[in-house]
Amino acid sequence: MSEHVDTSRRRFIGGTAGAAAGMSIAPGVFLNQVAQAKPADQPVTSENRWGMLIDTNKCGDGCDACVRGCMEENGWGDINDSEPHSAPEQKAQWIRIVELRDTRTGYAHQLPLMCQHCKHPPCVDVCPTGASMKRADGIVLVDKHICIGCRYCMMACPYKARSFIHEDLQDQLVVAPRGKGTVESCTLCVHRVDRDGADAVPACAEACAAEGHDAFVFGDLNDPNSEISRQLALHGGTEIRADLGLDLGVRYRGI
Amino acid sequence: MKKTIHFREVTNNGTGYWGLIGILGLIVAIGLGATYYMEHHGHYVTGMNNQIVWGIPHVFAVFLIVAASGALNVASIGSVFGKAPYKPLAPLSGLLAVTLLIGGLAILVLDLGRPDRLIVAMTYYNFKSIFAWNIILYNGFIAIVAVYLWMLMDPSKKQYSSTVGFFAFLWRLILTTGTGSIFGFIVARQAYDAAIMAPLFVVMSFSFGLAIYLLVLMAGMKWTGRPLGDALLRRLKNLLGVFVGGVLYFVLAYHLTNLYATEHHGYEHFLLLGGGIYTQLFWIGQILIGSLIPLAMLYHPGLGRSRTAIGWACALVILGGLTQMYTIIIGGQAYPLVLFPGMEVSSSFYDGVVAEYSPALPEFLLGIGGFGIALIAVALAVKVLPFMPQTLEDAVADPHHGGATDAAAGKAA
């Protein structure tokens with residue numbers, strides 16, 4: 001037995017679905033907005049890809065202003081005495097200065113190294129609970145509420161960017177919650193990014209600029225008109241261990 | 001007339017049995033105490049740090065987990081490959097597989113930064129993570145082997161044992177593949193990122209699991225006064241020799257491949273020549289004491305017949321296995337990440353240097369505690385349920401192997 005097919009109903013459903021899809025896509029297509037911070041109740045989107053370009057030629061010899069700036073902003077490290085019981089090799093380091101020396105020529109320089117905010121982060125791949133996660137805007141974070149402290153992300157990170165907290169912590173900062181038995185790393189000063197959008201300046205970059213070195217450029221890699229995109233288009237940039245194909249958010253010049 | 005083998009609970013009630021329970025209970029209690037100490041203070045009281053993030057507890061845990069799947073092999077040879085002499089060995093094999101896994105998992109869970117969040121690990125899954133898959137594989141293994149044991153031990157379900165046994169065999173191969181892939185899937189480190197990790201771990205499981213099984217079988221049969229035939233034991237010890245040789249082959253293939261690729265020369269030089277404690281552990285612990293000496297003992301015409309020598313060979317295989325886990329897990333982390341090829345690197349975060357690790361006592365005690373959990377569970381289970389056959393004399397268990405002349409041999413041991 002055949003049934004009467006109500007084609008008008010089908011057309012109606014098709015039409016409304018099309019309109020809904022159109023309304024969803026239209027703002028992204030038609031509205032060329034000036035970059036600005038999003039309201040706190042809106043989720044981040046993949047329209048932005050936050051990243052950082054670091055010119056190691058501008059990096060001051062023996063300077064560690066970026067490291068100290070990060071410590072002050074996020075409350076870790078010796079200046080805060082945040083892990084008094086832990087041995088030096090057990091203490092967290094969100095960002096560190098790595099000194100390089102070419103074994104053939106003897107050429108020496110230094111660079112700051114932190115979470116590279118990979119597009120394809122191995123730490124996120126291996127995390128059993130999903131605590132290690134990447135936001136839609138490319139910032140790689142640890143959800144401290146569901147981190148079980150298995151440390152598999154630390155095994156998997158090619159950049160040794162992550163630290164495990166070996167003891168109870170006191171006097172934590174609101175912007176950077178931390179906890180015994182969980183893993184942490186550079187957040188790209190996500191609290192500043194969420195507050196200031198494309199105008200945000202992470203603490204490391206701010207400290208570097210205050211020192212007069214200006215080695216850091218923070219910005220939106222997805223926006224061709226951003227300072228970081230223009231500099232990368234003009235001078236190029238290097239990814240550390242580019243062979244892994246992880247598409248890093250942090251790029252370098254001068255290495 | 002063909003004699004059938006009956007299974008009976010262990011009836012020992014003397015100081016021997018309760019002394020064993022007491023010693024194992026004490027080991028478990030000490031392990032739990034060490035855990036409380038470490039979790040209360042935080043991991044700063046251990047030797048682990050931000051370079052060596054997985055320490056001695058993981059060496060014991062991964063060893064036990066790998067050995068667990070291997071311990072099931074004896075049952076699989078009977079159920080899947082139809083070898084009659086192995087069939088009476090199956091219930092103890094399944095039991096040991098479950099208890100070793102529980103012992104290993106206990107260590108792993110108790111060493112977490114937040115063991116109190118175990119429920120999170122059970123409710124939040126990232127299916128791209130091999131760790132998440134392993135949680136499912138481990139729990140599934142316990143469930144499947146439990147059903148398998150039921151089929152083996154309930155006479156009315158006997159006809160299903162080979163089907164369930166086949167499924168358990170497949171599951172255990174996948175499980176060990178998953179365990180090896182924890183390391184195989186790590187792209188960042190020189191020592192890992194190799195497909196051979198999965199089959200290497202499978203062969204390691206054959207070897208370590210059978211070594212533990214043989215020791216438990218010999219001790220269990222002897223302590224309960226049940227005969228164990230020489231021919232059957234000879235089968236098992238020859239099989240152990242094959243497995244030990246198999247592990248050596250995979251280790252050889254792994255290092256030969258690495259030695260061919262220039263990018264891995266640094267790590268190979270570190271492990272094979274200049275790595276200090278890791279080099280010594282590799283050559284003396286893993287290769288000499290853990291492989292070559294037990295191989296020689298197992299196949300020596302004289303020693304190979306001595307139960308004492310077979311027992312010692314098993315112990316050496318276990319010791320060598322733990323050493324191998326140490327060189328893989330700790331050695332693989334100790335070698336620095338290569339971030340800038342051709343450059344000398346240094347930093348406050350120990351870039352470019354071999355990481356230091358001195359295991360702390362509580363870590364050891366937790367690891368030993370895992371062994372305690374596995375063994376006390378076996379000792380209690382064989383008293384409650386009939387896992388062990390009343391006799392394994394050759395005339396009964398292995399009649400086609402010239403066993404008649406060995407009938408009394410079990411008593412001689």
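Residues are numbered from 1 along each chain as its sequence is written, while chains are lettered from A and ligands numbered from 1 in the order in which they are written. In this predicted model, local features need pLDDT of at least 70 and side-chain atom pairs count only at pLDDT 80 or more, whereas totals for chains, interfaces and linings use all residues.

**View 1. Chain B as a whole.** Chain B has 15 helices and 3 strands; helices (H or I, at least four residues) and strands (E, at least two) are DSSP runs, numbered from the N terminus. Its C-alpha atoms fill a box of roughly 75 × 45 × 40 Å along the principal axes. The radius of gyration of chain B is 22 Å, which agrees with the value near 22 Å for a compact globule of 413 residues. This radius is taken over C-alpha atoms, and the globule rule is 2.2 Å times the number of residues to the power 0.38. Of the 413 residues of chain B, 52% count as buried. A residue is buried if 20 or more other C-beta atoms lie within 10 Å of its own, exposed if 12 or fewer, and partly exposed in between, with C-beta atoms placed from the backbone. Among contacts in chain B between residues at least 6 apart in sequence, 78% join residues at least 24 apart; two residues are in contact if their C-beta atoms, placed from the backbone, lie within 7 Å.

**View 2. The largest nonpolar core.** This core has 199 residues. A nonpolar core is a set of buried Ala, Val, Leu, Ile, Met, Phe, Trp, Tyr and Cys residues joined through C-beta atoms within 7 Å. The residues with the most contacts inside the largest core are V59(B), F63(B), L96(B), L100(B) and I212(B). Helix α8 (residues 197–223) of chain B gives the largest share of this core, 17 residues. Leaving aside neighbours within four places in sequence, F63(B) is in contact with F208(B), G321(B), L322(B) and M325(B).

**View 3. A211(B) in its helix.** A211(B) is found in helix α8 of chain B. This residue is buried, with 29 other C-beta atoms within 10 Å. Not counting residues up to four places away in sequence, A211(B) touches L240(B), C314(B), V317(B) and I318(B). A211(B) and G241(B) are 30 residues apart in sequence and 9.8 Å apart in space, C-alpha to C-alpha.

**View 4. The contact between chains A and B.** Here 39 residues of chain B are in contact with 46 residues of chain A. On the chain B side, α5 (118–123), α6 (130–153) and β2 (343–347) each supply at least two residues, and β2(B) gives the largest share, 5 residues. The chain B side divides into 20 nonpolar, 13 polar and 6 charged residues. Ala, Val, Leu, Ile, Met, Phe, Trp, Tyr, Cys and Pro count as nonpolar, Asp, Glu, Lys and Arg as charged, and the others, Gly among them, as polar. Strand β2 (residues 95–102) of chain A and β2(B) pair in the antiparallel sense over 5 bridges; two strands pair if DSSP finds at least two bridges between them. D102(A) stands opposite M343(B) in β2(B).

View 5. The open sheet has 3 strands in the order β8-β1-β9 (chain A), with mixed pairing. Its edge strands, β8 (216–220) and β9 (250–253) of chain A, each pair on one side only. Neighbouring strands of this sheet are turned by 20° against each other on average, direction ignored. Strand β1 (residues 50–55) of chain A runs antiparallel to β8(A), and 5 bridges join them. The bridge partner of M52(A) in β8(A) is F218(A). In β8(A), 5 of the 5 residues are buried, so this strand is largely enclosed by the rest of the structure. Helix α7 (residues 227–235) of chain A lies across β1, β8 and β9 of chain A, running at about 110° to β8(A). Axes are lines fitted to C-alpha atoms, for helices over the stretch in contact, and angles run from 0 to 180 degrees between N-to-C directions.

View 6. Most residues other than glycine have a negative phi. Phi of D81(A) is near 50°, and phi of K160(A) is near 55°. D81(A) lies in the loop between α2 (65–74) and β2 of chain A and counts as exposed, with 9 C-beta neighbours inside 10 Å. K160(A) is in the loop between α4 (152–156) and β6 (163–164) of chain A and counts as buried, with 22 C-beta neighbours inside 10 Å.
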